[in-house]
Amino acid sequence: MFIASSRGSRAFRPALLPTSSPVARRQPASPEVIALLTSYGQQTARPLTLSRLLSFGNPVTQDSILSSASYALSEIPRRLSRRIRSLESLPFIVGTNPHVSRTLDAYRRSFEWLATYPAVRTLRDNADFATQLEHLVHSHANDIPTMAKGFQECYRYMTPGAINEFLDTAIRNRIAVRLIAEQHIALSHALSEYGHQGKHDGVVDMKCSPADMVRACSVIVSEMCEATFGASPEVVIDGHVDSTFAYVPVHLQYVLTELLKNAFRATVEKHWRSHGLSSASDLPPVLVTISPPPRIPGIVRPSYMSIRVRDEGGGVSPHNMARVFSYAFSTAKRSAQHADEDAGGGPYAAQQIGGNAATMEVGAKGDAGLFSEMTGKGIQAGVGTLAGLGYGLPMSRLYARYLGGSLDLFSLDGWGTDAFLKLRCLDEAGDVEI
Amino acid sequence: MSALHFYQNRQMELFAAKETKRLTLRQLIFFGRSMNEERLVKSANYVRSELTVRIAHRLRDMQALPYIVVTQDEVAKVYDLYWTAFDKFRSFPPITTMAENIKFCTFVRGLLNEHASVIPALSLGFTFSSPYMPSDQLDSFMSRMLVSRISRRVLAEHHIALTEDFIKGSTKGRPGRGALTRNASTHVGIIQTELSPKASIERCVDLLRKYPSSVIYRDPENPDSKNVPCPRVVVDGHVDTTFAYIREQFEYIIFELLKNALYATSYRHRNETTPPEIRATISTGSEEVQVRISDQGGGLLEPDISSPSDLFSFSATRNMMRMEDDRIEALRKTILSPHGMRATVDEQLERWHERDPENVASTGPLPRLGIGLPMSNIFATYFGGSLRLVSLDGWGTDVHLKLPKLGTKLEGVEV
């Protein structure tokens with residue numbers, strides 16, 4: 001249905017919302033898609049490095065943007081084909097779950113559209129392509145919450161280990177696809193809208209400031225926390241607050257938001273437990289310490305920005321510690337009635353997963369603005385909103401590790417938690433595979 | 001080691017084939033409460049047979065090492081000490097009376113003293129053996145040796161303390177020995193039943209502050225300069241926590257960690273009038289007591305190690321600093337000294353106390369032996385706890401010490 005005769009009508013249309021019966025959506029892919037998938041499946045994997053991705057922007061020219069388009073056009077469908085294969089390999093009963101099958105449909109549709117997209121030969125072609133690619137990215141904004149919901153319903157049919165492994169791979173794949181797509185979109189905008197010539201870093205901010213990002217995220221998380229709990233702790237930033245490093249801001253934003261959400265919620269709940277609801281005493285602050293890599297002679301190895309988020313929220317018990325990085329684990333109490341309201345991963349998951357694009361998606365599809373939806377649900381679902389589906393920590397760790405960093409949690413059971421984030425400085429990370 | 005030695009091995013193998021009877025801290029406490037002669041004699045026989053088996057296990061473990069490793073001077077020395085100890089224990093007659101028990105205690109104490117050089121000897125021997133063993137095998141061997149050594153000392157010293165307490169006719173309020181035990185609280189044998197981490201931390205801080213020339217950084221180019229000010233240590237968290245533990249071990253770990261934090265902080269902030277404070281946070285959870293020590297001493301990014309946990313390793317492959325000349329020299333001296341190294345706070349205080357004050361001014365802190373962190377790690381794991389180093393590179397270090405709260409965990413896996 002998306003095969004069009006003229007380029008003008010080759011617009012990407014996201015999947016319709018599910019109105020058909022479950023049987024209809026259990027249908028196999030069309031023969032065309034099967035043939036395409038087979039041919040992509042036969043291609044050997046090429047390792048891709050970050051420096052290759054960034055090379056299209058250094059400098060941005062007409063030629064480089066066309067190479068970038070062809071790179072995206074060959075690389076994204078190849079990665080989508082792997083995603084489709086792995087969804088198709090799930091146990092049949094899991095595949096029939098409406099959330100899982102909706103995800104598979106969406107992937108097939110996107111794959112087909114990209115795999116049959118004609119070559120991009122002119123800047124005008126590219127402007128079209130970039131716009132459509134943007135729509136495609138937005139249409140996938142809810143993939144993770146949707147899959148999350150699906151796997152939550154499938155816990156009887158797969159082992160936790162198998163679910164974790166599937167989701168890890170799926171999310172890594174998704175991070176890569178978004179990085180490639182958003183890089184092309186960013187460069188295309190730079191060239192067409194601003195007539196930019198010269199070096200453009202695209203999705204990477206060469207002077208990303210962790211302190212600024214912490215401040216920005218704290219504002220949002222404070223609002224959520226106030227809306228849900230009626231109180232929120234202060235954030236104190238220390239260490240080298242003026243330092244900057246090269247990083248993908250949306251990734252940093254996602255991870256910091258998750259870490260701050262956890263710290264805020266733990267701080268408020270611990271405070272309630274020890275002082276009661278009507279307590280007038282102050283909440284202990286959340287302390288964020290920032291340290292750029294020191295330059296030490298004799299050390300030639302990857303350098304990392306270190307960020308420690310320390311709270312006095314009571315910590316995590318050793319029993320829960322073991323599960324804290326697995327999916328579908330959440331310390332927030334959940335009931336059947338709240339589960340419905342959380343369909344799609346809860347508003348926070350939708351907002352945060354995938355950064356800004358997802359935010360727009362929520363705004364576009366919802367009846368109200370992001371914030372009112374968030375607070376509205378916050379009141380209905382109580383604690384459920386801040387705690388979401390328990391994807392925050394495992395996803396954050398995947399984001400941190402994706403570009404060579406790490407995320408570790410150190411709990412002082414009964415007292416508080418240190419979340420310890422180390423992120424590669426991307427100006428020296430050209431070798432990182434994406 | 002001769003052919004005779006080879007054929008004598010059969011005797012040892014009989015003991016090495018026996019299982020050890022591992023204990024929990026709680027068992028040590030319960031057994032030690034309400035002592036009488038009969039129980040003490042029973043305790044003596046348990047110690048006698050258990051130590052024989054545990055030493056036999058160590059001998060077997062050493063016999064499986066590469067030949068070239070055990071023929072190392074330092075390792076060979078340890079092997080000989082163990083073999084002699086095994087022979088003596090094996091031939092010590094069963095204990096039936098209190099008088100025999102007192103003889104046994106004297107015998108055990110003598111052996112403990114003879115073995116005072118084992119830690120530095122093993123450390124140096126295995127640093128030199130690093131090329132012949134993969135570092136993970138080397139470290140797991142060292143861990144078995146040292147955990148077993150701690151366990152044997154705990155059994156022996158606990159039994160000796162119980163005997164002494166019994167002779168004094170009291171199991172409570174016994175005035176302690178050494179500088180650290182001034183405010184003796186409730187104890188059973190060598191175990192404090194209400195150990196306060198806060199009190200221990202403060203005691204260690206007070207002691208460390210008394211010896212700034214041994215603890216705090218001083219500019220070697222400028223020996224006349226005054227010491228950099230000693231950073232403050234703040235204790236927060238669950239400061240009222242108490243739990244049952246062996247105070248000597250707990251305070252050794254805390255002392256080492258604070259010593260490192262004080263030195264790193266004073267070095268990094270050597271040009272400031274007020275160095276940033278060190279924060280020790282105590283927490284009590286459902287199962288563990290924890291202490292987190294956070295400093296702003298710059299972290300643990302070092303050219304000679306690739307990760308902070310390399311500082312726990314005895315292998316020179318993982319930690320090149322082990323091959324530094326002054327370290328090797330200092331370890332050699334320690335092996336030869338009659339005091340050896342028992343890995344306690346007291347012995348370090350004694351060493352610092354004995355230093356010629358004039359000499360100290362020009363030499364600054366004693367050369368580091370590289371024993372404090374690996375030994376602290378071993379002590380932490382002995383009853384199922386853990387120690388982790390986290391480096392906020394360029395800013396500071398967090399050390400997380402976790403110890404089981406209830407004393408229900410068995411001694412290390414292999415003793």
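This is a predicted model: local features need pLDDT of at least 70, side-chain atom pairs count only at pLDDT 80 or more; totals for chains, interfaces and linings use all residues.
After helix 10 of chain A comes A:Gly276, which has a positive phi near 80 degrees.

The cavity search gave three cavities of 30 Å³ or more. The largest cavity holds about 160 Å³ of space. Its lining is formed by B:Leu51, B:Ile55, B:Tyr82, B:Ala85, B:Phe89, B:Val108, B:Leu111, B:Leu112, B:His115, B:Arg149, B:Arg152 and B:Arg153. At least two lining residues are supplied by each of four elements of chain B, namely helix 3 (37–63), helix 5 (73–91), helix 6 (98–114) and helix 8 (135–167). By class, eight residues of this lining are nonpolar, one is polar and three are charged.

The second largest cavity contains about 110 Å³ of space. It is lined by residues of chain A: A:Leu80, A:Tyr107, A:Leu136, A:Val137, A:His140, A:Asp143, A:Asn173, A:Arg174, A:Val177 and A:Arg178. Two or more residues of this lining come from each of helix 6 (123–139) and helix 8 (160–192) of chain A. Helix 8 of chain A provides the largest share, four residues. An α-helix has 3.6 residues a turn, so residues three or four places apart point the same way. The lining of the second largest cavity consists of five nonpolar, two polar and three charged residues.

Note on methods
Residues are numbered from 1 along each chain as its sequence is written. Chains are lettered from A and ligands numbered from 1 in the order in which they are written. Side-chain values use heavy atoms; hydrogens and water are left out. On a 1 Å grid over the protein atoms alone, a cavity is a set of points where a 1.4 Å probe fits but cannot get out, and a pocket is an open set with protein on both sides within 12 Å along at least five of seven lines; lining residues have an atom within 4 Å of a point. Grid points are joined across faces, edges and corners, and a volume is the space filled by probe spheres set on the points. Ala, Val, Leu, Ile, Met, Phe, Trp, Tyr, Cys and Pro count as nonpolar, Asp, Glu, Lys and Arg as charged, and the others, Gly among them, as polar.
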